[in-house]
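User: I'm new to this one and would like to learn how to read it. Could you walk me through it, feature by feature?

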Amino acid sequence: MNIHILTLFPDMFKHFLTESMVGIALRQNALSVSLSNIRDFATDKHKQVDDYPYGGGAGMVMKPEPIYAAVQKVQSHPGIPVIYFTPQGRLLTQQIVQQYAAAEEIILLCGHYKEIDQRIRDSVVTDEISIGDYVLSGGEIPAMVMVDAIARLQEGVLGDIESALTDSHQDGLLGCPHYTRPSEFMGNKVPDVLLSGNHKKIDHWRHEKALEKTRQIRPDLLNKEDRS
Ligand code: ADE
């Protein structure tokens, strides 16, 4: 899978792309990531990428021409998904991550300053994604969130595919509690069922715990479909 990232701050991705699961995915060629600096596509001598908003008001707006030229340059053919990160987008979910993880090529567009020119959103962007109801300075961190979530779903990246299938949100529920050695820590024992060796019982316990946690913390997830 190829991911193209368009940003004004490519250096923000330097360490991110070499460490942990993303680093593994890139070294295994399960994923390739290209970084393009939108400023390189500005044609005037000052390499201007933003300007004052028509109608007045605070903040600068990213100009359309450099973004348009950057998208034209990186896409291997027209019709590649172009995802723009904005607090106005639909909320990112595991389902959306899975959908894009199965694509061959996507373009992630990181805005900065106020927003990008609306005409790019109308004509080039195919999806607008938010990573939560709060405001960041730009789309770079949301793009990292997306790349990380996609990388760990690429074949051969997670050592144990089971571990992806039992993640929180993979089946619409929050995850169950996990324990490792020692069997007793500061007077707290690992639940007996996990030491029983009875996998049917263990699966049942894990499902019940996942339901309990979801009911407590995120009842909205249960209302999406009938799971009781
Ligand atoms: N850009 C700024 N804030 C954002 C958010 N919460 N999600 C996605 N993109 C953003």
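User: Let's begin with strands. How many bridges join E3 to strand E4?

Analyst: Keep in mind throughout that this is a predicted model. To read a pair of strands, look at the bridges and at the direction of the strands. Here two bridges join E3 to E4 (residues 61-62), and the two run antiparallel.

User: What is the order of the strands in the open sheet?

Analyst: Read across the sheet from one side to the other. The order is E3-E4-E7, three strands with mixed pairing. Strand E3 (50-51) and strand E7 (115-116) are the edges, since each pairs on one side only.

User: What about the nonpolar core? Which residues touch the most other members of the largest one?

Analyst: The general idea is that in soluble globular proteins, nonpolar side chains tend to be buried together. In this model the largest nonpolar core has 29 residues, and Ile3, Leu108 and Ile150 touch the most other members. Elements giving two or more residues to this core include strand E1 (2-7), helix H1 (20-27) and helix H5 (140-151). H5 gives the most, with seven residues.

User: Which residues does Ile150 touch?

Analyst: Not counting residues up to four places away in sequence, Ile150 touches Met1, Ile3, Leu31, Val97, Tyr100, Ala101 and Ile106. Another core, of 20 residues, lies apart from this one, and Leu6, Ile38, Val71 and Ile80 are among its members.

User: How is the protein divided into domains?

Analyst: Look at the residue ranges, then at the distance between centres. Domain 1 covers 2-151 and domain 2 covers 170-222. Their C-alpha centres lie 37 Å apart.

User: And helices? How many residues does helix H8 have?

Analyst: Compare length with expected span. H8 (residues 199-217) has 19 residues and reaches 27 Å from its first C-alpha to its last, close to the 27 Å expected. Then ask which residues face inward: Ile202, Trp205, Ala210, Leu211 and Thr214 are buried in H8. Their cover includes helix H7 (192-195) and helix H9 (219-223). At the start of H8, a side-chain oxygen of Asn198 comes to within 3.2 Å of the backbone nitrogen of Lys200.

Note on methods
Residues numbered from 1 in each chain as written. Predicted model: local features only at pLDDT ≥ 70, side-chain atom pairs only at ≥ 80, totals over all residues. Heavy atoms only, no water. Core = buried A, V, L, I, M, F, W, Y, C linked by side-chain atoms within 4.5 Å. Buried < 20%, exposed > 50% of the residue type's maximum accessible area, 1.4 Å probe, protein only. Helix = DSSP H or I, 4+ residues; strand = E, 2+ residues; numbered from the N terminus. Contact = heavy atoms within 4.5 Å. Domains from an automatic or database assignment. Pairing = 2+ DSSP bridges. Expected span 1.5 Å × (residues − 1). Polar contact = N/O pair within 3.5 Å; in protein donor to acceptor, adjacent residues only side chain to side chain.
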